[in-house]
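Student: I would like to learn how to read a few features of a protein model. Can we start with charged side chains?

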Amino acid sequence: QVQLVESGGGLVQAGGSLRLSCAASGSIFNINDMGWERQAPGSQRELVARITTAGTTNYSPSVKDRFTVSRDTAKNTAYLQMNSLKPEDTAVYYCHVVLQNRWTGDLSDAWGQGTKVTVSS
């Protein structure tokens, strides 16, 4: 089993900043890619940002140049620094990790419970 603990969501005014964190734990897994997805009310879940073990990042065009994804490999923790927030960034943000079983090598996905971000205009 893996546990993903998210934190950092909340209410912020447009133009403000928030930082999300996602800490992964689970002794039988290696953590591969880490990232964030979001789902706004009435919308499909979408990729926000992702970072590989090598540090390669990719972003949704809607957040590029405003959001920064990073990770602390030693702590198995991913971060999402969100700047210049807009009302359309309002959503529940989910941490997503790709796991590799240390015994079998099998890959699997896991998601956090979600943290709500509300941006007021």
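Tutor: Arg38, Glu46, Arg66 and Asp89 are linked in a network of salt bridges. A salt bridge here is a side-chain nitrogen of Lys or Arg within 4 Å of a carboxyl oxygen of Asp or Glu. Some conventions first: this is a predicted model, in which local features need pLDDT of at least 70 and side-chain atom pairs count only at pLDDT 80 or more, while totals for chains, interfaces and linings use all residues. Residues are numbered from 1 along each chain as its sequence is written, and side-chain values use heavy atoms, with hydrogens and water left out.

Student: How many salt bridges does that rule give?

Tutor: The count comes to four. One of them pairs Glu46 with Arg38, with 2.7 Å between the closest N and O atoms. Another pairs Arg66 with Asp89, at 2.8 Å between the closest N and O atoms. Arg66 sits in the loop between strand S6 (57-59) and S7, and Asp89 in the loop between S8 and S9, so this pair ties together parts 23 residues apart in sequence. Strands are DSSP runs (E, at least two residues), numbered from the N terminus.

Student: Are Arg66 and Asp89 buried or exposed?

Tutor: Both Arg66 and Asp89 are buried. The terms refer to relative accessible area: buried is under 20%, exposed is over 50%, and partly exposed is in between (1.4 Å probe, protein chains only). Arg38 is also buried, at 5%, whereas Glu46 is partly exposed at 32%. A further salt bridge joins the side chains of Arg45 and Glu37 (3.9 Å, N to O). In that pair Arg45 is partly exposed at 36% and Glu37 is buried at 13%.

Student: What should I look for in a disulfide?

Tutor: A disulfide is a covalent bond between the sulfur atoms of two cysteines. The criterion is a pair of cysteine sulfur atoms within 2.5 Å. This structure holds one. It joins Cys22 to Cys95, with an S to S distance of 2.0 Å. Cys22 is in strand S3 and Cys95 in strand S9, so the bond links distant parts of the chain, 73 residues apart. The link of Cys22 and Cys95 is left-handed, with -80° about the S-S bond. Cys22 is buried at 0% relative accessibility, and Cys95 is buried at 0% as well.

Student: And how do I read a nonpolar core?

Tutor: In soluble globular proteins, nonpolar side chains tend to be buried together. A nonpolar core is defined as a set of buried Ala, Val, Leu, Ile, Met, Phe, Trp, Tyr and Cys residues joined through side-chain atoms within 4.5 Å. The largest one here has 30 residues, of which Trp36, Leu80, Met82 and Tyr93 touch the most other members. The elements giving two or more residues to this core include strand S4 (29-39), strand S8 (77-82) and strand S9 (91-101). S9 gives the most, with five residues.

Student: Which residues does Tyr93 touch?

Tutor: Leaving out residues up to four places away in sequence, the contacts of Tyr93 include Leu20, Val48, Phe67, Leu80, Met82 and Val117. Contact means heavy atoms within 4.5 Å. Glu37 and Arg38 are also among the residues that Tyr93 touches.

Student: Which backbone angles deserve a look?

Tutor: Asn76 has a positive phi of about 50° although it is not a glycine. Asn76 is in the loop between S7 and S8, and is partly exposed at 24%. Ser84 likewise has a positive phi of about 50° without being a glycine. Ser84 lies in the loop between S8 and S9, and at 42% relative accessibility is partly exposed.

Technical notes:
Helices (H or I, at least four residues) and strands (E, at least two) are DSSP runs, numbered from the N terminus.
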